[in-house]
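Me: Hi! Could you walk me through this one in plain words?
Reply: Happy to, let's have a look together.

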Amino acid sequence: MDSLNAPNASSNVVQDIAAIKPASLAGLTPGSILHSVFREERFFLVLSVFIGVFSGLAVVCFRFAIDWSRIYLLGSGAELSTVRLLLAPSLAGLAIAILTIHVFPTARGSGVNQTKAALYIFDGYIPFKTAIGKFIAASVAIGAGHSLGPEDPSLQIGATLASAIGRRMKLSRDRMRLLAPIGAAAGLAAAFNAPISAVLFVIEEVIGRWTAGILGSVVLSAVSSVVVMRSFLGSESLFRIPPVELRRPSELIAYAILGIIGGFASIAFSSGISALRPRCRNMPQWTQYFQPAVAGLLIGVIAMLGAPQVMGAGYEYMDEAMHGQFTWQFLAILAALKIIATLLSFVSGTPGGMFAPTLFIGAMLGAAVGGAEHALLPHFQYTAGTYALVGMGVLFAGFLRAPMTSVFMVLEVSGNYTIIVPVIVANTFAYVISRALQPTPIFDMLSRQDGLDLPSMEELREEDVLHVEDALQPPPGPVLEADDPLDRAILAFEGSMASCLMVRLPGAAWACLTRERAQMLAQEGMGSHALGTLLGEEQVPYVHPDQPLDTVLRYVNRWPVVPVVNRANVRKLEGVISERDVLDRYRDLGA
Amino acid sequence: MTSQSYKLDFSQVLRREPVMLAVLTLAAALSFLFVTGLSRMFHAQQDALAERWSTRGRSDLGAGRYASAVPEFRAALLYSRDDFDFRLGLAQALMGLNRDDEAYTYLINLWGRRPENGVVNVELARIAAQRGQTDQALRYYHNAIYANWPAGQDSEAREARFELVDYLLQIHASTQAQSELISLAAYIGDDPSQQVRLGDLFLRIQDNEHALAAYRRSLSASPHEAAALAGAGTAAYDLGRYAVAEHYLQEAVSLRPGDYISNDRLKIARLVLQMDPFRPQIRVATRNRNVMAAFAAAGAQLKACPVAATYAATGISGQDLAAQWAKLMPQITEGGLRRDPDLVNTSMDLVFTIERQAREWCGTPTATDSALLLIAKLHEGN
């Protein structure tokens, strides 16, 4: 993850440059270095906009391809013929299996983990062939009725385009690594028509932490891709949002119940994937050719038996559920059938995403639970749209385990702030239940099944971060002033065991006077000289108590101790910290 | 320059940021052009499919094939998700299939988008009326009446008001219905058929004066409209203007001989005109003959309905009607009536009492009895 802090590091370098003049930068003026750094930053931001534009265009084409596949494979009508229902997903499954086994082996799966792998394992490299394979296979699969969504493939297509652009630009390894999440955010934002959710998801699930250096680029690429997408497909949301309202605080109980049920549904969904996916993959090689076809056939049978809503991404049916078009009993059946259909499609290795099915299941489950609650307790206010929206957030939090994205996604999609309280209540229940019963999040589980040891974003979010204050030590001796003569420092050394004393220089600068240096200067007859004149060129960078402990490691190889100063008053010394202090603290944490 | 060094130089040139940006801009522009072409193709196909399915839907909706229209409008909406007319068509088809709950959700959303739309308001009013939500129904009907109707659909607003009147009559809100009809009369113009419809509704709320005016307006534009003539005859009949009623009913019956109701009314109206002894400017001899005929008819009625005969009218010395009739009978002669003109009133009062009692106890009277009852009603209070 160090590489992700590269822009941070460069800004720290700028800070260092302002404070010190290291020997290693001799020959370069601070101005030229600053110019170089800012120019690179600016270019990277411009590049992010281009990545957003290309990703947006690619996602638009992807949406066209899915629609064309649907029209030509399933027909243009709303009522589909039985023959097409059975044949289209099966034959498409067969074709997809051949493509993914022989031509595009990297196109399998949703695409989120592949993007993470590019970031953490392959230095941002994603073969361009992956995007082509994903584009073709996912559009055919979704268009033919496999129960998958276009968002995760769009994310991967965006990341692949970004990677390709980065390679053409011959960017450095650090920059290359950053490009994949930037492209991923752009692809997801365009597919979902929701830039904020896309940015949050990429930060929450792909990058794993907030880093100022990449945030600007991610936001720029997401926004530019959405602008491009909207210029071709319009600015309408994926579903028409009905009026959302929360009339009484007591209704929150109903949403809490939805959260609990959603949590268990998430467990059922993820447990199904966890159990079935390895079994399907461990089946004989020749069965891999038929698994997507069999999955397609079974989905066709479900559709033929009266639930064609489970086919494809299903946004139009989410829209209908939000507007109360189905009874709560049928909504509950649809939620259960969609879980089965998505399990079939996903575990068979058919390329496609899990975002849309998750939202579908959430919407149906939400509206079903709301409807059932209303039937049992008629005094409870019930609007299908509100429950469906909250249900989407619930499954997002419980199944994808992206709690922050789940809240903002619902807010962004609904455009209504009133819904935030029910969403937070329900999502919290779902998230807590899901975490308690299924400790490994779905994306981590998938990456482990694939034999990849990618960092768990949930674990990263919760890991203990040590700060400077956890290791700082009291100053080893008196703090000396710039006006003090060297003799005073010699006296101070004599009265203590300290190897280094801190010297407060004019302005916001500090210096470290070592015992050896003091003795050497004294031998040169400079005992009466002011410390400021002797040490003015040897400033030490300082840190603050709240900064991460690893920040100190950048300095301790050049200076024996680093001053820790107060943020409100940098002339006030809070303590000092040395390499040993840092290492001891880390050793204690490991123990 | 060797090819290798040329390659190196070229790649260095490419790595210069302005060149990179120029290349990216060019690539983006070309991609935009390509996607624009694709987008036009895509949208053209979507529009064509939307049009194809909506045309089929409209056709089936118009023909009352609602089961076919529903999936067709749904298919059209796949390609034009927010099209107002497609959604409205789907809602109307769902209503045709009595799937009012589903239709309602579509309509209420459409109402949210265009609360001023007349069709949506009418459909919502119908659903509310079916659900017994009177306030909602009235609100939507009024919205519809004052809604923005597209050019060429002005008659729809009128239809909405007609429908509202029908609804008000169903819920027995006659006073409101009458006000709506009076407002409607101002907008209805000279269309004879609409005036007839208006007249019929006025008749239903027993506002015969307005009904007669509406029929007359219709007849001024179309004098031989049998329905208007029958309606005008009925209104005049109910108003007690039997001469006018006879005029209209006679014409109506001549145009529609099978109109038995008008025919019966005509007969009664004629009998009223013929038998009324209190008619102004009537000759004494004729009056006396009418009184004698009426008295005889009352006697016949007493025989036909003996129960009525036992009724003791409080006004006439505690005797029952048969006794009273028998007591007066010898005096009801040409000479007796001429000698004592007060007998006209006395005998006719008894006739009216007998007829009323007979109707109360024995039901449907003959034409003559009906005429006598109407004469009684005509001169009540005199």
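Reply: A word on terms to begin with: helices (H or I, at least four residues) and strands (E, at least two) are DSSP runs, numbered from the N terminus. With that, chain A has 24 helices and 6 strands.

Me: Thanks! What kind of model is this, and how are things numbered?
Reply: This is a predicted model, in which local features need pLDDT of at least 70, side-chain atom pairs count only at pLDDT 80 or more, and totals for chains, interfaces and linings use all residues. Residues are numbered from 1 along each chain as its sequence is written, while chains are lettered from A and ligands numbered from 1 in the order in which they are written.

Me: What is the mean pLDDT of chain B?
Reply: The mean is 85, and 92% of the residues of chain B reach 70 or more. Here pLDDT is the predictor's confidence in each residue, from 0 to 100.

Me: Where in chain B is confidence lowest, and where is it highest?
Reply: The lowest is helix α1 (residues 3–15) of chain B, with a mean of 55, and the highest is helix α2 (residues 17–62) of chain B, at 93. For the complex, the predictor gives an ipTM of 0.75 and a pTM of 0.71.

Me: OK, how many residues of each chain are in contact?
Reply: 22 residues of chain A are in contact with 21 residues of chain B, where contact means that the C-beta atoms of two residues, placed from the backbone, lie within 7 Å. On the chain A side, helix α2 (residues 30–74) of chain A gives the most, with 9 residues.

Me: What classes of residue are on that side of chain A?
Reply: The side of chain A that touches chain B has 13 nonpolar, 5 polar and 4 charged residues. Ala, Val, Leu, Ile, Met, Phe, Trp, Tyr, Cys and Pro count as nonpolar, Asp, Glu, Lys and Arg as charged, and the others, Gly among them, as polar.

Me: Switching topic: what domains does chain B have?
Reply: Chain B is divided into domain 1 (190–275) and domain 2 (284–378), with bounds that come from an automatic or database domain assignment. Taken over C-alpha atoms, the centres of domain 1 and domain 2 of chain B are separated by 30 Å. Their contact takes 6 residues from domain 1 of chain B and 11 residues from domain 2 of chain B.

Me: Back to chain A. How much of it is buried?
Reply: Buried residues make up 53% of the 591 residues in chain A. A residue is buried if 20 or more other C-beta atoms lie within 10 Å of its own, exposed if 12 or fewer, and partly exposed in between, with C-beta atoms placed from the backbone.

Me: Is helix α7 of chain A largely enclosed or open?
Reply: Largely enclosed by the rest of the structure, because 18 of the 20 residues of α7(A) are buried. Helix α7 (residues 173–192) of chain A reaches 29 Å from its first C-alpha to its last, close to the 28 Å expected at 1.5 Å a residue. That expected span is 1.5 Å times one less than the number of residues. Just after α7(A), A:Asn193 takes a positive phi of about 50 degrees.

Me: What about the strands, which ones form the open sheet?
Reply: The open sheet has 4 strands in the order β1-β2-β3-β4 (chain A), with mixed pairing; strands pair if DSSP finds at least two bridges between them. β1 (480–481) and β4 (539–540) of chain A stand at the edges with a single partner strand each, so one side of each is left without a neighbour in the sheet. Strand β3 (residues 510–514) of chain A runs antiparallel to β4(A), joined by 2 bridges, and A:Ala511 stands opposite A:Gln539 in β4(A).

Me: And how do β5 and β6 of chain A pair?
Reply: Strand β5 (residues 561–565) of chain A and β6(A) pair in the antiparallel sense over 5 bridges. One detail is that A:Pro563 has A:Val576 in β6(A) as its bridge partner. Strand β6 (residues 573–578) of chain A is mostly covered, with 5 of its 6 residues buried.

Me: Last one: is A:Arg401 buried or exposed?
Reply: A:Arg401 is buried, with 26 other C-beta atoms within 10 Å. A:Arg401 lies in the loop between α16 (384–400) and α17 (403–414) of chain A, and its phi is positive, near 55 degrees, in a residue other than glycine. Most residues other than glycine have a negative phi.
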